[in-house]
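Subject: Handing over a structure, with notes

Dear colleague,

I am passing the structure below on to you, and I would be grateful if you could read the notes that follow with the sequence and the model open beside them.

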Amino acid sequence: ASAEAGAMANNERPSEGDFHSYFCTYEYIYHQKQMIEDTVRTGAYHAAIMRNKHLFEGKVVLDIGAGTGILSIFAAKAGARKVYAVEATAMASRAKQIIAANGLDDRIEVIRTMVEKLELEEKVDVIISEWMGYMLLREAMLDSVIKGREKWLKEGGVMFPSHASVYLAPIRMGHHARQQGQHDEAVEDWYGFVDETQSLYDLDLSCLNKQFEDETVDYFLQTSHWCELENHNLVGPATKINTLDLRSCSMDDIQELSSSWQLQVTAPGTEYIDGVVGYFDVDFDGSPQNPVEEKITLSTGPGPRAQQTHWGQMAFLMHPPLQSGAGAKIDGTSRIFKRGDNMRLLGMESDIKVTNADGSEGEQRKKVLWNVD
């Protein structure tokens, strides 16, 4: 492609709707600061790159969703010959400033465009990207990474990270009563509002009662909650429910993650669980042709506060709580899917069956649905 054609192709911006619903938040320095100061996240990427310099020395690297360019800087410091830092928002201009201030603008080229519209004159040896959202797939940035991989990564090239896994674990966290109470208060307030509006203005809004109740259930009782849980909140071990090989997974593979799983309730004295917690890990494992010397794992699971990340975890609370005592097994199926109202948001639907410690059948729940907003 000619330089002029390449410049035009690399000047593409997100659609106005997608910009305002997603991309615009990444233009703010405070949002970038929040991610960089997450030392578990940033430290894992730094360790994965700097402890595996042999994968970067003299190589060409593509950084998808570069933000401030920090991962591009790590790659250049690890010896990359050329780094393409691709960023769709105005943060690209700030990345240029940071890269120049760190004396690496001779090897890092910042390109403001969407990776789907990117044009380069060469393929790359390594793709680095921090694309993960809540429950791994929220924000749908992995779609862009896969498209970039299919078009620009050399055969046998390295994806950093290379693998991703999703986990569920049974929990007690004490939030159930609070969420139910907020729901009940909102409904009570609505009915008071309807009565008052009738009294003051002779205006009948009761035709909306059912719709408001459904909306309130959706918001308070069927939406997952961001949390930072510690190990004592778990009443059983986590179970891996999905794994993606980021070197080969397809667009079809990530439209929906389906799984069958079993959780065990092991904490003595447990009579019920509030729900399950979901989180993800990513591994930096290189490729068969170009393996790492030291494997690094970034985990977003429950644990001490010092080990928490800005992703936290997602709590999927059940209303009412699920009767499931110590020694019980919980068999389930889950479907994590992109929402029809906004493809960057998720939903999770599960069927759940409890087998009590004595082998008798316990509770069953069908098509339990949560939003991941």
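In which helix is the place of Ala-76? Ala-76 sits in helix H5, which covers residues 70-77; helices here are DSSP runs of H or I with at least four residues and strands are runs of E with at least two, both numbered from the N terminus.

Before going further, please note that this is a predicted model, in which local features need pLDDT of at least 70 and side-chain atom pairs count only at pLDDT 80 or more, while totals for chains, interfaces and linings use all residues. Residues are numbered from 1 along each chain as its sequence is written, and side-chain values use heavy atoms, with hydrogens and water left out.

**The chain as a whole**

The secondary structure of the protein chain comes to nine helices and 15 strands, and its C-alpha atoms fill a box of roughly 65 × 60 × 35 Å along the principal axes. Of its 373 residues, 52% count as buried, where buried means under 20% relative accessible area, exposed means over 50% and partly exposed lies in between (1.4 Å probe, protein chains only). Taking contacts (heavy atoms within 4.5 Å) between residues at least 6 apart in sequence, 75% join residues at least 24 apart.

**Ala-76 and the cores**

Ala-76 is buried, with a relative accessible area of 2%, and beyond its neighbours within four places in sequence it is in contact with Val-83, Leu-104, Arg-107 and Ile-108. The C-alpha atoms of Ala-76 and Ile-128 are separated by 12 Å, the two residues being 52 residues apart along the chain.

A nonpolar core is a set of buried Ala, Val, Leu, Ile, Met, Phe, Trp, Tyr and Cys residues joined through side-chain atoms within 4.5 Å. The largest one here has 88 residues, and those with the most contacts inside it are Phe-56, Leu-136 and Phe-160. Helix H5 gives the most to this core, with six residues. Another core, of eight residues, lies apart from it, and Met-173, Cys-227, Val-277 and Leu-317 are among its members.

**Helix H3**

Which residues of helix H3 are buried? In this helix, residues 29-36, they are His-31, Gln-32 and Met-35. Seen down the axis of H3, these buried residues fall within an arc of 100°, so they line one face of the helix; the arc is that of the directions from the helix axis to the C-beta atoms. Ile-29 and Tyr-30, on the other side of H3, are exposed, whereas the cover over the buried residues includes helix H4 (39-50) and helix H6 (91-101).

**Charged residues**

The structure holds 18 salt bridges, a salt bridge being a side-chain nitrogen of Lys or Arg within 4 Å of a carboxyl oxygen of Asp or Glu. In one of them the side chains of Glu-130 and Arg-41 meet at 2.8 Å, N to O. Glu-130 lies in the loop between S4 and H7 and Arg-41 in helix H4, so the pair ties together parts that are 89 residues apart in sequence. Both partners are buried, Glu-130 with a relative accessible area of 11% and Arg-41 with 7%. Leaving out residues up to four places away in sequence, Glu-130 touches residues including Met-35, Tyr-45, His-310 and Trp-311.

Arg-335 forms a salt bridge with Glu-256, the closest N and O atoms being 3.1 Å apart. Because Arg-335 lies in strand S13 (residues 329-338) and Glu-256 in strand S9 (residues 256-264), this pair ties together parts that are 79 residues apart in sequence. Arg-335 is partly exposed at 27% relative accessibility, as is Glu-256 at 35%, and salt bridges that share partners join Glu-256, Arg-335 and Glu-349 into one network.

Finally, what is the nearest side chain of opposite charge to Asp-283? Asp-283, in strand S10 (residues 272-286), is buried yet has no salt bridge, and that nearest side chain is Lys-295, 4.0 Å away; for charge, Lys and Arg count as positive and Asp and Glu as negative, while His and the chain ends are not counted. Apart from residues up to four places away in sequence, Asp-283 touches Pro-161, Ser-162, His-163, Lys-295, Ile-296 and Thr-297.

With kind regards
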